[in-house]
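Hi everyone, thanks for coming. Let's have the model up on the screen and walk through it together.

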Amino acid sequence: MSNNIKILVVEDDENLANNIATFLSDFSEVHIENDGLSGKFAATENVYDLIILDIMLPEMNGYDVLKNIRNDKINTPVLILTAKAEIDDKVHGFNLGADDYLTKPFHREELLVRVKALLKRSGVLADDSILKIRNLEVNLNNHTILANGQPISLNGKEYDLLVYLLQNKNTILTKDQIFERIWGFDSDTSITVVEVYMSNLRKKLRPSQNDSLIKTIRNVGYIFQNENEI
């Protein structure tokens with residue numbers, strides 16, 4: 001069960017990358033790239049909640065990847081995972097914008113703790129796995145949705161869309177961001193699907209008077225916002 005959390009792992013050791021992906025798959029969807037250039041491209045072209053980044057990579061080293069994505073104003077939390085344990089290397093990584101640093105070899109449990117801490121810090125992973133606004137409540141553990149205590153039924157993409165909006169409430173999301181997050185930039189579907197699903201989601205929230213939470217920002221995108229919030 002992914003809970004709609006997406007993690008990018010940039011690691012040239014394919015066995016290690018696959019093991020990390022398997023270990024984190026209980027609560028997230030993991031995408032793997034095995035070289036720096038591909039990792040940089042994935043980080044800039046997709047929306048992720050966390051990037052796990054090796055330093056010693058082919059094509060482009062992890063420091064340069066990190067520098068490039070920060071220059072592109074991508075603020076996704078980055079956990080550096082590397083065998084380079086010297087203090088100067090750590091300081092350099094943090095100065096470039098890393099959020100945490102874990103040296104190899106490492107225990108899986110420590111990786112999990114650090115990953116969840118970064119996701120909680122950014123507001124993506126809730127401590128109690130419950131997302132709430134007004135009278136609307138989404139349980140990420142069992143995928144149930146309640147409004148005024150009554151269940152609401154959504155299909156897969158509608159549920160993913162609602163969770164993404166809730167995880168980013170009070171933040172304007174562009175149609176491109178929503179499309180890339182929910183359908184993927186390489187999807188065969190056109191970006192107009194965002195408007196269709198947003199309209200369907202509004203209709204299904206309307207009986208509980210939660211449809212007004214979704215506000216359209218003309219020529220920009222959408223914001224999920226309680227009318228009483230600023």
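Let me start with a question: in which sense do strand S7 and strand S8 pair, and over how many bridges? Strand S7, residues 136–139, and strand S8, residues 144–147, pair in the antiparallel sense, over 4 bridges. Two strands count as paired here if DSSP finds at least two bridges between them. The strands, E runs of at least two residues, and the helices, H or I runs of at least four, come from DSSP and are numbered from the N terminus.

Some housekeeping before I go on. What you see is a predicted model, where local features need pLDDT of at least 70 and side-chain atom pairs count only at pLDDT 80 or more, while totals for chains, interfaces and linings use all residues. Residues are numbered from 1 along each chain as its sequence is written, and side-chain values use heavy atoms, with hydrogens and water left out.

Back to the sheet. S7 and S8 belong to an open sheet of 4 strands, in the order S6-S7-S8-S9, with antiparallel pairing. Strand S6 (130–133) and strand S9 (150–151) are at the edges with a single partner strand each, so one side of each has no neighbour in the sheet.

Moving along, S8 and S9 pair in the antiparallel sense over 2 bridges, with Ala147 opposite Gln150 of S9. That hairpin has 2 residues between the strands. In the loop between S8 and S9 sits Asn148, with a positive phi of about 55° although it is not a glycine.

Helix H6, residues 156–167, lies across S6, S7 and S8 and runs at about 110° to S7. For such angles, axes are lines fitted to C-alpha atoms, for helices over the stretch in contact, and the values run from 0 to 180 degrees between N-to-C directions.

Let's go to the other part of the chain. UniProt, in an unreviewed entry, lists residues 6–119 as "domain: Response regulatory"; its positions are given in the numbering used here, feature names are shortened, and annotations may be inferred rather than shown by experiment. That span is 46% helix and 20% strand, and its end C-alpha atoms lie 10 Å apart.

Here helix H1 (residues 14–24) packs against helix H5 (residues 108–121) at an angle of about 60°, with the axes 11 Å apart. Ile20, Phe23 and Leu24 of H1 meet Arg108, Glu109, Leu111, Leu112 and Val115 of H5 in this contact, where contact means heavy atoms within 4.5 Å.

In the loop between S1 and H1 we find Glu11. Because its relative accessibility is 2%, Glu11 counts as buried. Its side chain makes a polar contact of 2.9 Å with the side chain of Lys104. By polar contact I mean a pair of N or O atoms within 3.5 Å; within protein, one must be able to donate a hydrogen and the other to accept it, and residues adjacent in sequence count only if both atoms are side-chain atoms. Lys104 is also joined to Pro105 by a cis peptide bond, with omega about -10°.

Asp49 is in the loop between helix H2 (36–45) and strand S3 (50–53). At 7% relative accessibility, Asp49 is buried too. A polar contact of 2.7 Å links its side chain to that of Arg181. Arg181 is itself among the buried residues of helix H7 (residues 175–182), along with Ile178, Phe179 and Ile182. Their cover includes strand S1 (6–10), H6, strand S10 (173–174), helix H8 (193–205) and strand S12 (221–224). Just after H7, Gly184 has a positive phi of about 95°.

One last stop: is Gln209 buried or exposed? Gln209, in the loop between H8 and strand S11 (214–217), is exposed, with a relative accessible area of 61%. Its phi is positive, about 60°, although Gln209 is not a glycine. Thanks, everyone!

Methods
Buried < 20%, exposed > 50% of the residue type's maximum accessible area, 1.4 Å probe, protein only.
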